[in-house]
Amino acid sequence: MATAATLTAGAPPALPADHIEPRRIIAFLAMVFGMFMAILDIQIVSASLSEIQAGLSASSDEIPWVQTAYLIAEVIMIPLSGFLSRMLSTRVLFTVSAAGFTAASALAATATNIDQMIVYRAIQGFIGGGMIPSVFAAAFTIFPPSRRAVVSPMIGLVATLAPTIGPTVGGYISHAMSWHWLFLINVIPGILVTTAAWALIDFDKPNLKLFSKFDWWGLAGMAAMLGSLEYVLEEGPNNDWLQDQAVFICAVLMVVGALMFFWRAFTAEEPIVDLKAFSNVNFAFGSLFSFVIGIGLYGLTYLYPVFLGRIRGYDSMMIGEALFVSGLAMFFTAPISGVLSRKMDPRLMMMIGFLGFAAGTWRMTYLTADWDFWELLVPQILRGSSMMLCMVPINNIALGTLPPERLKNASGLFNLTRNLGGAVGLAIINTVLINRNAFHYARLSEHVQWGSAAAQTKLQNMTLNFEQTAGLDAHKAAISKLSGMVQQQATLLSFMDVFTMLTVLFATLAVFAMVIRKPAAAAGGGGGH
């Protein structure tokens, strides 16, 4: 087989079958660091949007586009990267992605208005998105199955740790320096990663003949489908979904794009995304689990800061410090999950991870307005360690048994499922929070009426307290305070509803993990090729 011949050419015959050249290990580590930068960038910016808003004099309607532009562009590039990697080679694609991401980061730091920032963020997301699937594909191409216990936890850790510690890192940077450094911090590491990628990556050869078969209609359909889907999921919850004109137009675009994309995927000679990987049962199940992991990973990375900001009044720095525990738990669990992946049925590992995740969210259903670092400690440890126990077997099940020629496309699809899981999860969580908040506020208000003796007593006591403060209309201040208390309780109850929903989801998945058939050992899964 030509692939095997090219990859083993020049190696001394006396070396063991699973020997890996040091330059390839260094190249892979550089790729992992590039992926870490690309994923981390989303969260460090999201934690500091208020600082960017002030710096660019942007309105509250405009500033979310700093994130939305990045996410829409990235979600289009991730599945496209498989085709580009086969056409250009991993070396060229990754080097161009790292260089483009670095240049766009520098440009974003120079933005003087919101329009410039949105354009630079879209470029950053699109070009940077090519780095993420390349790492997953390389891990399962160049490392034999005997090394998977080390490699799989490493990429799993990076994919989950980066979004988790993002708010912490973003909080520190924007407090210690300025929002410009959220982008400038990428420049030096980006140059180093670009240089290392160009000098060291030699996993494959380009196939430039594919350019003549490039499916432009398929790309247009995919861009319309995924870009519109991301917009609908981002903006829908806050704008009453299809009642909003822009959301409605994007929903129509999404359907048209989907029809075009799937038509081309099954009829084009070289489809832009090869969906045949889903015919592999392990890959299909792995992608499904990856989708749900996305809901848990991005959902909780969003929920905890919102709770601490709205209810506790924390700023981004304090939120980051409070949430650092999850990252530490992931870091310490990664090597353990690597060892367990060699000795334990992956279905059992996933079940333990899903149950641990469910236990953490179930603990959060007892939330009160007084919860602080110590009350959040155990749920965060459960979240971090369970995430790593799930990610390693999911990566191995999805990508570990695919033939090498399928890996690049499959890696893009696999990473896309996690991102889409996050987008769908956030949309559902936001919708539930908004609707349940209104529901609970209406129900609680019924008990705080003029006819309620308890409410009257509370109001009188608060009025007396405010009368002792000079210059206040005591009665109005007391009513305002009471209304705020009702609103806070309604918000807390809506958070509890979301955590209950997540608990049921992950507990159900734990059962589902044991129902799937045991995956075959990753004997031929692209290792040693």
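**An all-helix fold with a lined pocket and a cavity**

In this predicted model, residues 24 or more positions apart account for 85% of the contacts with a separation of 6 or more. Of the 529 residues in the protein, 54% are buried. The protein exposes about 22300 Å², and carbon and sulfur atoms supply 67% of that area.

Attention may now turn to the open space. The largest pocket holds about 1400 Å³. Its lining comprises 42 residues, and those closest to the pocket centre are Ser46, Leu49, Gln67, Glu234 and Tyr302. Several helices each supply at least two residues of this lining: H2 (22-46), H3 (49-56), H4 (65-88), H11 (216-235), H13 (281-310), H14 (316-322) and H18 (404-446). Among the contributors, H13 gives the most, with seven residues. In terms of residue class, the lining of the largest pocket contains 19 nonpolar, 16 polar and seven charged residues.

The structure holds one cavity of 30 Å³ or more, and the space in the largest cavity is about 30 Å³. Ile39, Ile42, Glu74, Ile132, Tyr298, Arg418 and Asn419 line this cavity, with H2 and H18 as the elements that give two or more residues to the lining. By class, the cavity lining divides into four nonpolar, one polar and two charged residues.

Conventions
Residues numbered from 1 in each chain as written. Predicted model: local features only at pLDDT ≥ 70, side-chain atom pairs only at ≥ 80, totals over all residues. Heavy atoms only, no water. Buried < 20%, exposed > 50% of the residue type's maximum accessible area, 1.4 Å probe, protein only. Contact = heavy atoms within 4.5 Å. Areas by Shrake-Rupley, 256 points an atom, 1.4 Å probe, with all protein chains shown as cover. 1 Å grid on protein atoms, 1.4 Å probe; cavity = no way out; pocket = protein on both sides within 12 Å on 5 of 7 lines; lining within 4 Å. Points joined across faces, edges and corners; volume = space filled by probe spheres on them. Helix = DSSP H or I, 4+ residues; strand = E, 2+ residues; numbered from the N terminus. Nonpolar A, V, L, I, M, F, W, Y, C, P; charged D, E, K, R; others polar.
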